[in-house]
Amino acid sequence: MVRKLAAVLVAMFFAATPALAQWPEKPIRVIVPFGPGGTTDILARTMQKVIDEKKIIPQPVVIQNVGGHFSVGARQVMTAAPDGYTFLAIHLALLSGEIVDPGRGISYRNFEPVALTGGFCFHPIVRADSPYRTLKDLLTAAKDRPNTLVAGVNIGALNHMGGLFLEQGFPGAKFRYAQIGGGGENFAAIMGGHTQMTILSSSEYQTYKANGVRALGYTGPARLALEPDIQTTRELGLGFDYCAENFWFAPKGTPAAAIEGMANALERATATPEMKEFFDKQAQTGQFLRGAAFAKHLVDIYQSIEPVAKLATPPQQR
């Protein structure tokens, strides 16, 4: 009798308790903290298309661009409800930006790491009709007339770091950095004559190279198969490589089911022929990391970039 009563009570409890929700139940928002047309935007939208077309997630993925300084969009994700429906697509800027301007209060530690999807390196860029025909021409001018050549960047982000690496490789060269934004915004600025140079990712360069810009070098460890005539920065005697990766994060406290679900979707998408073709055409790598391996990788990256990123910090904050 007691057993029967206990069984009835258990049945009544589960009947009165709603079933646990299965993620996702509604559209998923991915914030790209840069304007349209940059490396992260192009990657996120290609990933979105593959996930939606192959129905990897049974809800739509919506990309939202937040232009300007990357910290604006990153903060929107950091302060979003940790309900599993808001994610951040970004890159090394989240880590370097913490070092450059800690006062903004944005750190990779403020987020839940989801996954790493591929990587890329960079090109110093000028307009096709620029008088600077080689990277040495550009850096010599930046040395002879320090702080006069305007370099379009997103302060504290990847293109800014790229300019600093160039300065370190060519002692005495100094650019005047202007806050412009991401790849698309910097392409517009350089074509409009507002800046004399910028740093585009290998992916961005593939998008814009036919529209009036020219690469003076490549920061990867070896020449790109897509650009065999462009010398690496090491070949040019600058003594460095500089590459980055694509990161996905969620607000702190996001349920594990949502983090795992999004990581699963990104991993499945990364393995598709469509994404592999994208990585090849955009001169990107297609590696994937998640979980503890990704979390450890973030710590390692932060420690490796800290010395150079500190160079971008205003003197009063060092």
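Reader: What share of the 318 residues of the chain counts as buried?
Author: This is a predicted model, in which local features need pLDDT of at least 70, side-chain atom pairs count only at pLDDT 80 or more, and totals for chains, interfaces and linings use all residues. Residues are numbered from 1 along each chain as its sequence is written, and side-chain values use heavy atoms, with hydrogens and water left out. Buried means under 20% relative accessible area with a 1.4 Å probe, protein chains only. By that criterion, the buried share of the 318 residues is 53%.

Reader: Which residues touch the most other members of the largest nonpolar core?
Author: A nonpolar core joins buried Ala, Val, Leu, Ile, Met, Phe, Trp, Tyr and Cys residues through side-chain atoms within 4.5 Å. The largest such core has 85 residues. Those touching the most other members are Leu94, Leu95, Val114, Trp248 and Phe249.

Reader: How many residues does the second, separate core have?
Author: Cys121, Tyr208, Ala215 and Tyr218 are included in this second core. Its number of residues is 13.

Reader: Which residues of α9 are buried?
Author: Helices are DSSP runs (H or I, at least four residues), numbered from the N terminus. Helix α9 covers residues 256-270 and reaches 21 Å from its first C-alpha to its last. Its buried residues are Ala258, Ile259, Gly261, Met262, Ala263, Ala265, Leu266, Ala269 and Thr270.

Reader: What are the dimensions of the C-alpha trace of the chain along its principal axes?
Author: The chain contains 11 helices and 10 strands, where strands are DSSP runs of E with at least two residues. Along the principal axes, the C-alpha trace spans about 95 × 45 × 30 Å.

How values were computed. Buried means under 20% relative accessible area, exposed over 50%, partly exposed in between (1.4 Å probe, protein chains only). The expected span of a helix is 1.5 Å times one less than its number of residues.
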